[in-house]
Amino acid sequence: MNPSDLDRSEILTYLHTPALDADLSAALDVYIARLCDAAQPRSIYRVLPVEHTAEGVILGGLPLLGEDIARHLSGCKEAVLLAATLSASVDALIRRASVTDMTQAVMLDAIAGAAVERVCNDLETEIRTKHPYPYYTARFSAGYGDFPITQQGDLIRMLDAPRRIGLTVTTAQTLLPMKSVTAVIGLSHSPVQDARRFCCGKSCAECPYYNDCPRALRENPECFSV
C-alpha cells in the first residue's frame, strides 16, 4: 500500500475535522507513510445465492437476521460476502503509539480507517469486473441497522477467513485484526436501494444512521460540528 493510495479528505473525515494546521498536516504525512509501511492488506470474497423467504433472507444457506439486510438485498438473487483486513501489524502500530503519543495514535487510527476502506473499494472494483451485473448495492455490514453484530462469526466462517486471511472474531464480536471489515453486496438485474440511507434523495439529517455515517460527514460539512 502506498501513501498516494489513500484519500486525504477521507482521513480528515475519520478525524472529524475539515482541515489541519501546518504542523499537524506534516505529522499526518509522516504517519500515513508509517502505516502504509506496516500494512499487509488481505481480502477474500464469495459470490453466494440469495433466497428470500417470509422469515427473511438467506445467503448461501445462512439466514441473515434483521429486516434491514433483507431490505438491502431486495430483488437480488446473488450477493457477495467479503472480508478485508490491514493485518495485525497495523493494530500493533496503533497500540504502541497509544502508549506514548495519543495524537499519533488517533491519526494512525483514522488513516487505518481510510486504508481499509481503500482495500474494500479495490476489492469491489475487482468483483464488478469479474462478476458484471447491471446493479450493485452498497456494502452492508453486520452491526448496521438491525443486522446483528453477533453474525460476524458466521460470516467469517463462511469465508474460511481465519485460515485464508488471518481474520478472527472474539466472543465480544470484535474482529481481529481490528482494522478489518466484513460486508455483503447485493447483485441485481433491477435497480436496488441502499438500506443504509432510507431517505436517499432527501436530507442526510433524516437518515437513521446520520450520526455515524462517514458519507454524511463528507457530503455535509456542517456535520463536523456535531
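Contact, on this tour, means heavy atoms within 4.5 Å. This is a predicted model: local features need pLDDT of at least 70, side-chain atom pairs count only at pLDDT 80 or more, and totals for chains, interfaces and linings use all residues. Residues are numbered from 1 along each chain as its sequence is written, and side-chain values use heavy atoms, with hydrogens and water left out.

**Stop 1: leucine 155**

Select leucine 155. You are in helix H6. Helices (H or I, at least four residues) and strands (E, at least two) are DSSP runs, numbered from the N terminus.

Is leucine 155 buried or exposed? Leucine 155 has 1% relative accessibility, so it counts as buried. Here buried means under 20% relative accessible area, exposed over 50%, and partly exposed in between (1.4 Å probe, protein chains only).

Now show what leucine 155 touches. Setting aside neighbours within four places in sequence, its contacts are Leu62, Leu64, Leu81, Ala142, Phe147 and Thr182.

**Stop 2: the aromatic cluster**

Together Phe140, Tyr144 and Phe147 form one aromatic cluster. Rings of Phe, Tyr and Trp (its six-membered ring) pair if their centres lie within 6.5 Å; planes under 30 degrees apart count as stacked, over 60 as edge-to-face and the rest as tilted. The count by this rule is two aromatic pairs.

Look at phenylalanine 140 and tyrosine 144. Their ring centres are 5.2 Å apart and their planes meet at 80 degrees, so this pair is edge-to-face. Phenylalanine 140 is buried, at 0% relative accessible area. Tyrosine 144, at 32%, is partly exposed.

Next, turn to phenylalanine 140 and phenylalanine 147. Their centres lie 6.2 Å apart and their planes are at 20 degrees, so this pair is stacked. Both phenylalanine 140 and phenylalanine 147 are buried.

**Stop 3: the sheet**

Switch to a cartoon view. Find the open sheet of six strands, in the order E3-E2-E1-E4-E8-E5, with antiparallel pairing. Two strands pair if DSSP finds at least two bridges between them. Which strands are at the edges? They are strand E3 (62-64) and E5, each pairing on one side only.

Start from strand E2 (residues 56-59). E2 pairs with E1 in the antiparallel sense over four bridges. Select histidine 52: its bridge partner in E2 is valine 57. A hairpin through two residues joins E1 to E2.

Stay on valine 57. It also stands opposite leucine 64 in E3. E2 and E3 run antiparallel and are joined by three bridges. They form a hairpin too, with two residues between them. Pick glycine 60 in that turn: its phi is positive, at about 55 degrees.

E5 pairs with strand E8 (residues 180-188), antiparallel, over two bridges. Click tyrosine 135 to find its bridge partner in E8, serine 188.

**Stop 4**

Select helix H5, residues 102-130. H5 lies across strand E1 (42-53), strand E4 (78-85), E5 and E8, and runs at about 145 degrees to E4. That angle is taken between N-to-C directions, from 0 to 180 degrees, with axes fitted as lines to C-alpha atoms, for helices over the stretch in contact.

A salt bridge is a side-chain nitrogen of Lys or Arg within 4 Å of a carboxyl oxygen of Asp or Glu. How many are there by this rule? The count is 10 salt bridges.

Begin with arginine 118 and aspartate 122. Their closest N and O atoms are 2.9 Å apart. The two residues are four apart in H5, so about one helical turn separates them. Arginine 118 is partly exposed at 27%, and aspartate 122 is partly exposed at 40%.

Next, select glutamate 124 and arginine 139. This salt bridge has its closest N and O atoms 2.7 Å apart. The pair links distant parts of the chain, 15 residues apart: glutamate 124 in H5, and arginine 139 in the loop between strand E5 (135-136) and helix H6 (152-159). Glutamate 124 is buried at 12%, and arginine 139 is buried at 11%.

**Last stop: aspartate 160**

Finish with aspartate 160 and arginine 163. They form a salt bridge, with the closest N and O atoms 2.7 Å apart. Aspartate 160 is partly exposed at 30%, while arginine 163 is exposed at 66%. Then select Glu117, Glu124, Arg128 and Arg139, which salt bridges with shared partners join into one network.
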